[in-house]
Amino acid sequence: MEKPVFTVGERVEKLCITCNEVRGHVVVSVTKRGQISRVSCPKCGERSAFKSNATTDANAKRSTAKAGAPYDRTRTYRTGQAMMHPTFGLGEVTKVIEPCKIDVLFADRMRRLIHSVQPQE
Ligand SMILES: [Zn+2]
């Protein structure tokens, strides 16, 4: 079996020293061989080196305890809110980019979604 290859933006579970908890981190850089070199904590923004011998079990998807309401693009989200996306599953808002754009960390990777959309008449 080949080692798993990662890409920037994927989610990986790691212990954040600053938050003092294991939580989903976003891969910010990978090596040429697709191994994670640096990750970023979406909660505190701390960037840290990723040691591949730590919690790399990508199959051990830890399900976050808090359930989210279904994703609704007309809603306005705040950082830290959970949602249930029909395609991507449970996600947590990590950042509000622009008034209408949010970054959401799902079980597999970070995705950019729209929110606060005014319903078209
Ligand atoms: Zn953190």
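A: Begin with secondary structure: helices (H or I, at least four residues) and strands (E, at least two) are DSSP runs, numbered from the N terminus. Here the elements run β-β-β-β-β-β-β-β-β from the N terminus on, that is, 0 helices and 9 strands. This is a predicted model, in which local features need pLDDT of at least 70, side-chain atom pairs count only at pLDDT 80 or more, and totals for chains, interfaces and linings use all residues. Residues are numbered from 1 along each chain as its sequence is written, and side-chain values use heavy atoms, with hydrogens and water left out.

Q: What percentage of the residues of the protein count as buried?
A: Buried means under 20% relative accessible area, exposed over 50%, and partly exposed in between (1.4 Å probe, protein chains only). Of the 121 residues, 36% count as buried. The accessible surface, from the Shrake-Rupley method with a 1.4 Å probe, comes to about 7,900 Å², and carbon and sulfur atoms account for 52% of it.

Q: Which residues are the protein donors of the zinc ion?
A: Donors are N, O and S atoms within 2.8 Å of the metal (3.2 Å for Na, K and Ca); water is not among the atoms, so sites may look incomplete. In this model the SG atoms of Cys16, Cys19, Cys41 and Cys44 lie 2.2 to 2.3 Å from the zinc ion. Their spacing in sequence is C-x2-C-x21-C-x2-C. Cys16 in strand E1 (residues 11-16) and Cys44 in the loop between strand E3 (36-40) and strand E4 (47-49) are 28 residues apart, a pair that links distant parts of the chain. Cys16 is buried at a relative accessible area of 2%, whereas Cys44 is partly exposed at 35%.

Q: What is the geometry of the site of the zinc ion?
A: Four donors count as tetrahedral if all angles lie between 85 and 135 degrees. The ideal angle for four tetrahedral donors is 109.5 degrees. The 4 donor atoms of the zinc ion make angles of 103 to 115°, and the site is tetrahedral.

Q: Which residues make up the largest nonpolar core?
A: A nonpolar core is a set of buried Ala, Val, Leu, Ile, Met, Phe, Trp, Tyr and Cys residues joined through side-chain atoms within 4.5 Å. The largest one has 8 residues: Tyr71, Tyr77, Met83, Val93, Ile102, Val104, Phe106 and Leu113. Strand E8 (residues 101-106) supplies the largest share of this core, 3 residues. A second, separate core has 6 residues, among them Phe6, Val27, Ile36 and Phe50.

Q: Which residues does Ser116 touch?
A: A contact means heavy atoms within 4.5 Å. Leaving out residues up to four places away in sequence, Ser116 touches Arg73, Thr74, Arg75, Thr76, Pro99 and Cys100. Ser116 is in the segment after strand E9 (110-114) and counts as buried at 19% relative accessibility. Its C-alpha atom is separated by 4.9 Å from that of Arg75, 41 residues apart along the chain.

Q: What does the side chain of Gln81 reach at 2.7 Å?
A: A polar contact is a pair of N or O atoms within 3.5 Å; within protein, one must be able to donate a hydrogen and the other to accept it, and residues adjacent in sequence count only if both atoms are side-chain atoms. The side chain of Gln81 reaches the backbone nitrogen of Arg78. Gln81 is in the loop between strand E5 (69-70) and strand E6 (82-85). The side chain of Ser116 makes a polar contact with the side chain of Thr76 at 2.8 Å.

Definitions and conventions
Tetrahedral: all angles 85-135°; square planar, octahedral: opposite > 155°, others 65-115°.
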